[in-house]
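Here are a few notes to read alongside the model. Have it open and follow the points in order.

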Amino acid sequence: MARGSKSFAMASKLFDPVTRERAWLLYAWCRKCDDIADGQDHGGTLAGVTDGPARLADMRARTDAALRGELTGDPAFDGFGLVMRECAIPSRYAHDLIDGFALDAAEWRPKSEDDLLRYCYHVAGAVGCMMAVLMGVDPADEATLDRACDLGLAFQLANIARDVGEDAAAGRCYLPADWLAESRLTPATLMTVEARPRLTVLGRRLANMAAAYEESARHGTGALPARAAWAVLAAAGIYGDIAREVARRGGAAWDDRVVTPKSEKLGWVAKAAAQLVGRHHRWPATAPRSATLWVRPR
């Protein structure tokens with residue numbers, strides 16, 4: 001986790017020891033699957049793969065074996081199977097995540113905003129649901145799982161906003177085709193100097209969407225134990241700052257990789273601690289989820 005996600009690594013330290021170790025086990029499997037799918041090493045530069053379907057089939061087979069309690073010989077998969085059984089996390093979320101990797105393997109691209117959010121669910125929202133159950137949320141508590149999914153969507157939208165240039169260099173584009181058409185852009189022209197003002201508008205659009213899902217997710221923190229809520233609120237702030245920085249930088253957002261500095265991460269740890277006390281009143285669980293937000297599949 002320290003190599004693959006410095007933001008999550010810091011937030012995970014706020015969990016109680018058992019929850020922290022379980023989160024690390026789940027993260028290790030997510031990271032390993034992502035690296036297998038993209039030919040990466042702890043989320044580094046996209047290497048590209050020529051055997052995507054075979055990698056996907058191997059990933060599914062080892063995941064299914066781990067879910068059955070069989071040893072795979074790979075610590076990432078074996079640890080994943082352990083935490084899934086210990087926490088009674090529904091296996092459908094693991095399969096939903098792998099379906100997201102399958103979309104990438106098929107070189108799928110979103111045509112609409114709905115497509116974009118469906119992709120974000122598969123690669124991040126499903127992880128939010130798994131994390132919620134890991135932290136003690138009842139798998140039948142659909143309302144809280146919706147909020148957990150919202151946080152995953154917020155994180156992925158921030159990722160997409162930050163990584164437009166890196167994705168373009170790897171031949172990928174997660175901006176919906178109808179957004180590109182409205183902006184008179186194509187994946188081929190996206191990173192040109194002439195396109196930068198129009199790309200800036202789309203980057204801010206993603207950042208605004210991320211902010212809306214981040215705010216919605218905070219209404220689920222009342223269902224969590226205090227230390228888990230602390231970690232989630234800190235992670236929301238730390239990762240939310242990535243989207244906010246993309247919006248703040250405007251056309252310079254893709255000149256170098258946006259990161260949240262360590263000092264600001266520590267600031268969010270302190271802010272999240274302060275937010276713990278009044279979270280039930282500030283973000284009541286009874287507040288209706290906005291009808292404008294995308295709804296995850298049941």
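1. Let's start with a loop. Ala88 sits in the loop between helix H4 (75-87) and H5, where helices (H or I, at least four residues) and strands (E, at least two) are DSSP runs numbered from the N terminus. Ala88 isn't a glycine, yet its phi is positive, at about 55°. Most residues other than glycine have a negative phi.

2. Before going on, a word on the source: this is a predicted model, with local features needing pLDDT of at least 70 and side-chain atom pairs counting only at pLDDT 80 or more, while totals for chains, interfaces and linings use all residues. Residues are numbered from 1 along each chain as its sequence is written, and side-chain values use heavy atoms, leaving out hydrogens and water.

3. Glu107 is another one to look at: its phi is near 55°, a positive value in a residue other than glycine. You'll find Glu107 in the loop between H5 and H6. Glu107 counts as exposed, at 62% relative accessibility (exposed is over 50% relative accessible area, buried under 20%, partly exposed in between, with a 1.4 Å probe and protein chains only).

4. Which residues do ring pairs link into a cluster? They are Trp108, Tyr119 and Tyr174. Rings of Phe, Tyr and Trp (its six-membered ring) pair if their centres lie within 6.5 Å; planes under 30 degrees apart count as stacked, over 60 as edge-to-face and the rest as tilted. The structure holds five aromatic pairs.

5. Trp108 and Tyr119 are stacked, 5.7 Å centre to centre with 20° between the planes. Trp108 is in the loop between helix H5 (91-105) and H6 while Tyr119 is in helix H6, so this pair ties together parts eleven residues apart in sequence. Tyr119 and Tyr174 are also stacked, at 4.8 Å centre to centre and 20° between the planes. That pair links distant parts of the chain, 55 residues apart, with Tyr174 in the loop between helix H8 (164-169) and helix H9 (177-182). Tyr119 is buried at 4% relative accessible area, and Tyr174 counts as buried at 6%.

6. Now the helix packing. H6 (residues 113-134) and H7 (residues 142-162) pack at about 130°, with axes 7 Å apart. Axes are lines fitted to C-alpha atoms, for helices over the stretch in contact, and angles run from 0 to 180 degrees between N-to-C directions. H6 and H7 are therefore oblique to each other (under 35 degrees is roughly parallel, over 145 roughly antiparallel, 65 to 115 roughly perpendicular, and the rest oblique).
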